[in-house]
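Here is a short briefing to read alongside your model. Take a look at the sequence and the structure first, then follow the notes below.

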Amino acid sequence: MSFCRSCGRAVENEFVFCPWCGVERFSSAANTAKNRESGGVQEPLSNALSQELIDEVFIQLEEKQSSNRNKRVRVMESKLEALEKELDTLALIAETHECQQKHKSDD
Ligand SMILES: [Zn+2]
């Protein structure tokens, strides 16, 4: 898995064209487009650098997403725990209620 130089999304290594933005990955098309945007002053070195930056941003984004997911899971877990406790209490109440009724009918 690598990342598109033009849009920065994950693209399979064997893909010649980026499925997201359609840029040809193994030509300088992406660079030319970028050069046009930045006024034509972009060296191969800074391209590699920006690729590294994109990778880093992606990793950070993924970490953020997974930590958000973890947070949500934790919230759901605590909610579930609260529900379970509530259920336990309800079951207990039902049990004692049943017992009381039994005692009443025993009398
Ligand atoms: Zn792309």
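The protein chain has two helices and two strands; helices (H or I, at least four residues) and strands (E, at least two) are DSSP runs, numbered from the N terminus. This is a predicted model, in which local features need pLDDT of at least 70, side-chain atom pairs count only at pLDDT 80 or more, and totals for chains, interfaces and linings use all residues. Residues are numbered from 1 along each chain as its sequence is written.

**Fold and packing**
- Along the sequence, the elements of the protein chain run β-β-α-α.
- The protein chain has 107 residues, and 4% of them count as buried (20 or more other C-beta atoms within 10 Å of a residue's own; exposed means 12 or fewer, partly exposed in between, with C-beta atoms placed from the backbone).

**Confidence**
- Mean pLDDT (the predictor's confidence in each residue, from 0 to 100) is 80 for the protein chain, with 78% of residues at 70 or more.
- Among the elements, helix 1 (residues 29–38) has the lowest mean pLDDT, 53, while strand 2 (residues 10–11) has the highest, 90.
- Where pLDDT is low, the predicted coordinates should not be read in detail.

**A closer look at E52**
- E52 sits in helix 2 (residues 44–106).
- E52 counts as exposed because it has 10 C-beta neighbours inside 10 Å.
- F3 is 49 residues from E52 in sequence, and their C-alpha atoms are 9.8 Å apart in space.
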